[in-house]
Amino acid sequence: MLRAQVGCSRELSFLMEAHDGLSAAIAKRAGFTGLWASGLSIASCLGYRDASEGSWSQLVDVVERIVDSSQLPVLVDGDGGFGNFNNARLLARKLRQRGAAGVALEDSCFPKMNSFVGDLHPLADIDEFSGRLRAVKDTVAQDFVLVARIEALIAGHGMDEAISRAHAYAEAGADAILIHSRRTAADEILAFVRAWQNRLPVVIVPTKYYRTPVSAYREARISTVIWANHSVRAAIAAMRQVCGRLFAEENTASIEPNIATLDEVFELFRYDELASAEARYLHPPGRG
Ligand code: SPV
Ligand code: MG
């Protein structure tokens, strides 16, 4: 079920980062049943910083490619909604039109800054952000998932602030709560989950606290883990290595064993289907 795959699952589920049609197709092949359209990754691929440098319409265009290429449910990182309640509901409506399954909105101020860059990010006023959530809920139909993301721990405001925001966002109509942390251990995430008691499903992003085994999240009855940026980071490392070697060696022999073959590219995007479609539509039997 759509909702279950993008933030509202009873069993622990996983969303894999995608930033374009290629990364979406690869994640699907690996077995993932839902994707996270990461703001950081998409910005990076456009050559922007994750600081609202890319526009909402650029995001919507990339999401369309992710959805179309994978045919998977996609939870979109909508940052803070690119402005006030009006921008947020416009974003949600356009994402839904392009086939996204849901959006995560964070209680940051525009322009946002990536959660791991800098300290003491300004937080949106609770009531104003709740208005953004309500506007989205009133605009997109029931089958579009709205995840409210709390940046209070990131911004150094502590657990009480995080919990009272979670209550306000639940009240405003969120379907799930994403609680984010920049700690290298999962302690504050697990403390949040204990205090929150699953009033709504909880989504987490264990980018910094990656050493914690996922069994701890299953035990805590967390709904969804997002692997938020690992394909783009893998791509950066691989491209950097290939570019470096090619520049130095002026020869591809040493890199060939370590890069995808052309046949893999053709197979990933089903070039065989195009050949059979040509046989059907371009050269139908009995037509000359
Ligand atoms: C993203 O993937 O853009 C996220 C997660 O929002 S993080 O970068 O950890 O803030
Ligand atoms: Mg983001």
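This is a predicted model: local features need pLDDT of at least 70, side-chain atom pairs count only at pLDDT 80 or more; totals for chains, interfaces and linings use all residues.
Two packed helices are described by the angle between their axes and the distance between the axes. On the side of H5, the contact is formed by Phe85, Ala88, Arg89, Ala92 and Arg93; H6 contributes Gly131, Arg132, Ala135, Val136 and Thr139. Sorted by class, the residues of this contact are five nonpolar, two polar and three charged.

Helix H6, residues 126–139, also meets helix H7, residues 159–171. Here the axes come within 10 Å and cross at roughly 35°, and H6 passes H7 in a right-handed crossing. The residues of H6 that take part are Ile126, Phe129, Ser130 and Leu133, while H7 supplies Glu161, Ser164, Arg165, Ala168 and Tyr169. This contact of H6 with H7 holds five nonpolar, two polar and two charged residues.

Attention now turns to the loop between strand E4 (102–106) and H6, where Pro111 is found. Most residues other than glycine have a negative phi, and most peptide bonds are trans. The peptide bond from Phe110 to Pro111 is cis, with omega near -5°. Leu120, which lies in the loop between E4 and H6, has a positive phi of about 50° although it is not a glycine.

Which residues are around ligand 1? They are Trp36, Ser38, Gly39, Leu40, Asp77, Asn114, Ser115, Phe116, Arg149, His180 and Ala228. This shell divides into four nonpolar, five polar and two charged residues.

Several of these residues approach oxygen atoms of the ligand. A polar backbone atom of Leu40 is 2.8 Å from an oxygen atom of ligand 1. Side chains take part as well: an N or O atom in the side chain of His180 is 3.0 Å from an oxygen atom of ligand 1, and for the side chain of Trp36 the corresponding distance is 3.1 Å. On its own, ligand 1 has 280 Å² of accessible area, and the protein covers 100% of this.

Key: Residues are numbered from 1 along each chain as its sequence is written. Chains are lettered from A and ligands numbered from 1 in the order in which they are written. Side-chain values use heavy atoms; hydrogens and water are left out. Axes are lines fitted to C-alpha atoms, for helices over the stretch in contact, and angles run from 0 to 180 degrees between N-to-C directions. Helices (H or I, at least four residues) and strands (E, at least two) are DSSP runs, numbered from the N terminus. A crossing is left-handed if the near helix is turned anticlockwise from the far one by less than a right angle, and right-handed if clockwise. Contact means heavy atoms within 4.5 Å. Ala, Val, Leu, Ile, Met, Phe, Trp, Tyr, Cys and Pro count as nonpolar, Asp, Glu, Lys and Arg as charged, and the others, Gly among them, as polar. A residue is near a molecule or strand if one of its heavy atoms lies within 4 Å of it. A polar contact is a pair of N or O atoms within 3.5 Å; within protein, one must be able to donate a hydrogen and the other to accept it, and residues adjacent in sequence count only if both atoms are side-chain atoms. Accessible areas come from the Shrake-Rupley method with a 1.4 Å probe; for residues, only the protein chains shown count as cover.
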